[in-house]
Amino acid sequence: MNLLEKIKKQQARVVVVGAGYVGLPLVVEFAKAAFRTTAYDRDPAKIKSLNAGKSYIEDIRSEEIAEHVREGFLSGSTDEAVIDEADCVILCVPTPLKKSKDPDVSFIEAAVETVVRHQHPGMLVVLESTTYPGTTRDILVTQLTQQGKYGIGKDIFVAFSPERVDPGNAKFGTRNTPKVLGGATPACMEVAQALYDQVVDTVVPVSSPDAAEMVKLLENTFRAVNIGLVNEFALICERLGLNVWEIIGAASTKPFGYMPFYPGPGLGGHCIPIDPLYLSWKMRGLKMPARFIELADMVNTAMPEHVVQITANALNNHKKAMRGSHILVAGVAYKRDISDVRESPAIDVIAGLKHRGAEVSYLDPWVPAFKEHGLSMEGVNPDTSFASYDAIVIITDHSGLDYARMTREAPIIVDTRNATKRYAADSKAAIVTL
Ligand code: SAJ
């Protein structure tokens with residue numbers, strides 16, 4: 001039975017490399033579609049948890065994992081030799097930035113080297129990690145055919161399909177989110193599409209892996225640039241004495257040709273602040289600057305310092321110095337109602353406040369403690385008296401925060417998310433919004 005037949009009969013063995021927020025939902029979907037599926041990850045804690053039927057990703061229920069593990073369709077391993085038996089390998093590894101803000105594709109390179117060590121004829125290898133156009137061709141196709149033993153589209157099949165996982169989104173999951181897919185050759189596309197057809201409702205074929213890589217970058221650059229635009233509008237409105245939230249709210253009544261984005265303390269997460277810079281890096285190498293990406297990055301990365309500045313101004317207006325003030329940061333996760341702190345602007349705001357001599361605490365019902373970028377903090381008790389702080393700075397507008405009590409008790413609130421809007425009229429606190 002050839003690879004295509006194995007896939008169509010759910011006889012193909014699937015190995016997902018990287019059991020994180022992308023890989024774990026994917027292995028569950030393949031197990032649900034009756035493929036014998038293995039999650040390979042170097043982190044023994046993840047694998048131990050998976051094999052014990054326990055989820056470590058908020059969007060995946062432990063019962064789902066336990067059921068598929070019990071039925072023998074799902075397992076986890078830290079042993080790369082599982083790839084010897086794999087017919088389909090999907091790479092879901094991180095693509096962060098280096099300190100220089102250049103792409104770090106070392107995780108992709110390491111994963112591909114692992115696959116090469118266990119390569120055999122009749123394998124499909126798909127990359128899902130967000131990256132610059134050309135990565136699949138330059139790294140996967142090159143490495144998987146370099147020994148001259150395997151012909152692309154003949155006994156090794158390669159494709160790119162960007163992950164579209166939206167952490168915390170209860171409406172869209174792996175199965176009902178359309179999946180863009182680009183094969184390195186028509187035969188690669190046929191095999192990869194046969195596989196994804198089994199686990200997603202809609203596969204969106206495009207002409208090449210490069211095109212598929214670029215689709216994802218357009219999606220996330222669209223967000224980063226529009227958030228940068230609205231952050232700049234916030235600065236302009238502040239200068240003109242206008243309320244940017246009122247302006248956006250009214251613009252949002254336009255039933256066509258407009259899509260609201262909202263100002264904030266900066267861009268967090270492992271996607272939006274990072275993915276566009278993969279493209280701008282690539283274009284700088286071709287001596288063609290991606291100007292919108294670079295400008296949006298400048299505006300967005302300046303927002304945490306702006307929040308620190310307006311906090312200093314608010315204290316000053318109450319004859320208080322930043323130095324020696326006790327400030328409570330409300331919310332440190334990178335977005336509402338999730339626990340992920342990666343690249344959260346709260347980290348930069350806290351560092352900026354501390355740098356100016358403030359004593360800083362934080363409250364976040366989703367994040368009991370965190371260690372990020374040299375900061376190691378534990379959250380305060382949710383019952384903390386807000387009157388005991390000189391100012392509260394709302395960074396993440398979690399639905400579980402008590403904004404009504406904040407406006408009753410705190411002397412000053414710097415609200416970067418307009419979360420106190422409903423309580424502003426009766427507020428005892430002096431409220432400053434972006
Ligand atoms: N943010 C703003 N203003 C906005 C929207 C977001 O300041 O109007 C901030 C958020 O607070 C956060 C950052 O931007 O710090 C990113 O927020 P996000 O809503 O884009 O959420 P992410 O980072 O989880 O983005 C994911 C992405 N999914 C993938 O990359 C597969 C993105 O493509 C999704 O569109 C996004 O979720 C989503 O729609 O929620």
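Begin by selecting Pro133 together with the residues that it touches, namely Asp210, Glu213, Met214, Leu217, Leu279 and Lys282, a list that leaves out residues up to four places away in sequence; contact here means heavy atoms within 4.5 Å. The model is a predicted one, in which local features need pLDDT of at least 70 and side-chain atom pairs count only at pLDDT 80 or more, while totals for chains, interfaces and linings use all residues. Residues are numbered from 1 along each chain as its sequence is written, and side-chain values use heavy atoms, with hydrogens and water left out.

Staying with Pro133, you will find this residue in the loop between β5 (123-127) and α6 (135-145), where helices (H or I, at least four residues) and strands (E, at least two) are DSSP runs numbered from the N terminus. Pro133 is buried, with a relative accessible area of 14%, the term buried meaning under 20% relative accessible area with a 1.4 Å probe and protein chains only.

Next, colour domain 1 (3-207) and domain 2 (223-433) separately; these bounds come from an automatic or database domain assignment. The centres of the two domains, taken over C-alpha atoms, are separated by 35 Å, and their contact takes 18 residues from domain 1 and 19 residues from domain 2.

Finally, select Arg284 and Asp102, whose side chains meet in a salt bridge (3.8 Å, N to O), a term for a side-chain nitrogen of Lys or Arg within 4 Å of a carboxyl oxygen of Asp or Glu. Across the interface of domain 1 and domain 2, the rule finds three salt bridges.

Conventions:
Buried < 20%, exposed > 50% of the residue type's maximum accessible area, 1.4 Å probe, protein only.
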